[in-house]
Amino acid sequence: MTSAASAADTTPAAGLIAAVVPLVPAWGVDRSFEYLVPEALAGVAVGSLVRVPFGGRKVRGIVVGLERRKPERELEGLASLTLPHPVAPAPLPALYEWVARRYAAPRGRVFERAVPPRVRVPDAPVLRGTGPGSGSTKLLASYEGGPALLEALAAGSSGTWCLRAAHGHDRGELITELLSASAGRGAALVAVPEVHYGSRTLEAIQRAFPHLARVDSGVPEMERSGAWMQLARGHDLGGGGRGVAFAPCPELRLIVIDEEHDTVYKEDRSPRYDARRVAVERARLQGAACVLVSGTPSIESGAAGLAGTFNMVRPARELARSQRPVVEVVEAPADEGLSPELHARMRDTLRAGGSVGLLVPARGYSRTLWCAACRRSVRCPRCEAGMTLELDPRRMKCRRCGTEDPPPDVCSWCAASDFRYLGRGAQRYAEQLAKAFPRAAVVHMDRDAAEGSAGEGRDWRGAGIYVTTWFGTKRELRAPVSLVGVVSADVLTRRVDFRAAEQAHQVLSEMARWAGPASDGGRLVVQTTDPNHHSIQAVVRGDYDFFLRRELEHRRELSYPPFTELIKVAATGPEAADLIGQAAAVARTFSARVLGPIEAPFPGGRRQGGERIEGLQLLLKCAEAMPVAEGLRDILPRVPRGSRLRVDVDPR
């Protein structure tokens, strides 16, 4: 046998080679690896979940490419096919790659989003084209741009639409109409922001489409996994939280984001993606329609509508006006109490047998406990932040680091025992209102109250006066009322955040929806010292465009989104200063504006015992975030042990 023949015998034969991203969330393996596909695993496809030998063990991975050729070296073979149907069918691998690059996360961490909670689930029936394609679309047809949207959905067209819902229209009904219009054209996905306390939107969809596959945390893990695999096999309708943007629909034709302005669509753990941006990008890759639904669209979506990047669908002016409550703006008292006007409106409403909703600035009983002798407040023993007082149970709680302690008997500074309560919380408002209106049933609802009574089955809707923070104004929690009072709009408009006006307008608009239309007796009373603020005036006028144009003027002047894209960079540990310096240098390479560094708590960083970890932070203003994020991504694998670097693109 010749040497040439010997060489030919050792050359690997042509075979099917799979490129696999191992689901190992480490920067050292942030790429795909090649494996031979054995003949026994002929069902492997792009997007399949497989097990592969990796570093002396077997790990799960996602197939991102298949090619038949001779390997350049000897390759190991795939160990097994974990699921029979791809969990990331094309073009989802491209979407995951985009997320990894834009949000500076390891590929293994991003591709984990494709895997259901459990991989051993029973088969469930797959239904296609079962929706009521001839269902009513009268609500959408009455909107400006609505007929064009319905026509596009019926034709299977792609693009992005911003749908501004009228106050009196249930978004569940609107989304059901969207699904009806697109029925038979492929699969549809619906994302909602809140499922912990139920979702009226998903409930409305499920009434019209009983075969809705739920992939949210509101259903058991096994059911969620089964629904995920149903969608992978071609089921035509899925719904859930922000993670539904990654659901494996091979024939996606419509993706809907309900309440698209809600900050919960931004993930706070790696990969820190914004589900709205992911949905728009996925629709582009898959040739689908993306509809962003909100009564008060985010500034970014509103601006895209003005620029023509998104197609706008809005209620007719007459319809919008007919759904508005009577809105009164009154002077806010200096003591954070009720103005004579709001007190009189509450009295009249209760006498007429109605109910009142009251939005207060803070939860708990008192925002601080203050020593009358030395005039010092009770501070957190761990982080020195102010502590609030709660009564049920009686405790002092730090809103910064979460420390909880019993209220002190004496002042730690001067040993005096005379304390004052400063700043009212929801519990104290409820206590005082029960005295002012002794015949009315008064309850308060905030996050602490909801979580503390979750197992008691208490009916919060039986109140004459419903005292709540922003948390209790969620549709799934709030009581039906005819009068809504906002104790202090200034707390909303004066927050130290460039989004303060936007969020204030969204909250006040939601209060107007809660009050209901004036034709049904709805009334909204807003207490403020700045009645001319554009977020308040827009609610008085019932004019979102009025608010949008004025807010865009402020954003343009200060170079905030949508005129720039933001990246927040935080570092902690011995090398924090050097890491921040590297990040700033990368940003300047791409002509980004660098603000900082400043000293600030490291996001999410806590020591044992709850104490926050301090670090350094930068804010980057970029013309485009993607190239800057990719540059910062190159730094992350080189972070020294003992130090941490966090990159948050599109921070909320």
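1. Helices here are DSSP runs of H or I with at least four residues, strands are runs of E with at least two, and both are numbered from the N terminus. Please keep in mind that this is a predicted model, in which local features need pLDDT of at least 70, side-chain atom pairs count only at pLDDT 80 or more, and totals for chains, interfaces and linings use all residues. Residues are numbered from 1 along each chain as its sequence is written, and side-chain values use heavy atoms, with hydrogens and water left out.

2. Helix α12 itself covers residues 340-351, twelve residues in all, and reaches 16 Å from its first C-alpha to its last. That is close to the 16 Å expected at 1.5 Å a residue, where the expected span is 1.5 Å times one less than the number of residues. Its buried residues are Leu 342, Ala 344, Met 346 and Thr 349. Buried means under 20% relative accessible area, with exposed over 50% and partly exposed in between, using a 1.4 Å probe and protein chains only. These buried residues pack against β15 (356-359), α13 (426-436), β22 (465-468), β23 (483-486) and β24 (523-528); contact means heavy atoms within 4.5 Å.

3. Strand β24 also holds Leu 524, a buried residue with a relative accessible area of 0%. Leu 524 and Val 484 are 40 residues apart in sequence, yet their C-alpha atoms are 4.9 Å apart in space. Not counting residues up to four places away in sequence, Leu 524 touches a list of residues including Val 326, Val 484, Val 486, Leu 508, Met 511 and Val 539.

4. Now for a helix pair. The axes of α10 (residues 299-307) and α18 (residues 544-558) come within 10 Å and cross at roughly 100 degrees; axes are lines fitted to C-alpha atoms, for helices over the stretch in contact, and angles run from 0 to 180 degrees between N-to-C directions. That makes α10 roughly perpendicular to α18, the term for angles of 65 to 115 degrees (under 35 is roughly parallel, over 145 roughly antiparallel, and the rest oblique). From α10, the contact is made by Ile 299, Gly 302, Ala 303 and Leu 306, while the residues from α18 include Tyr 544, Phe 547 and Arg 555.

5. In α10, the residues Ile 299, Ser 301, Gly 302, Ala 303, Ala 304 and Gly 305 are buried. Their cover includes β7 (159-164), β12 (289-294), β13 (311-315), α16 (500-515) and α18. For Gly 305 the relative accessible area is 13%, and this glycine touches Phe 310 and Met 312, not counting residues up to four places away in sequence. After α10 comes Gly 308, with a positive phi near 85 degrees.

6. Lastly, look at Glu 267, in the loop between β11 (252-258) and α9 (275-286). Glu 267 is buried, with a relative accessible area of 3%. Its side chain joins that of Arg 242 in a polar contact of 3.1 Å. A polar contact is a pair of N or O atoms within 3.5 Å; within protein, one must be able to donate a hydrogen and the other to accept it, and residues adjacent in sequence count only if both atoms are side-chain atoms. Leaving aside neighbours within four places in sequence, Glu 267 is in contact with Arg 113, Arg 242, Arg 272 and Tyr 273.
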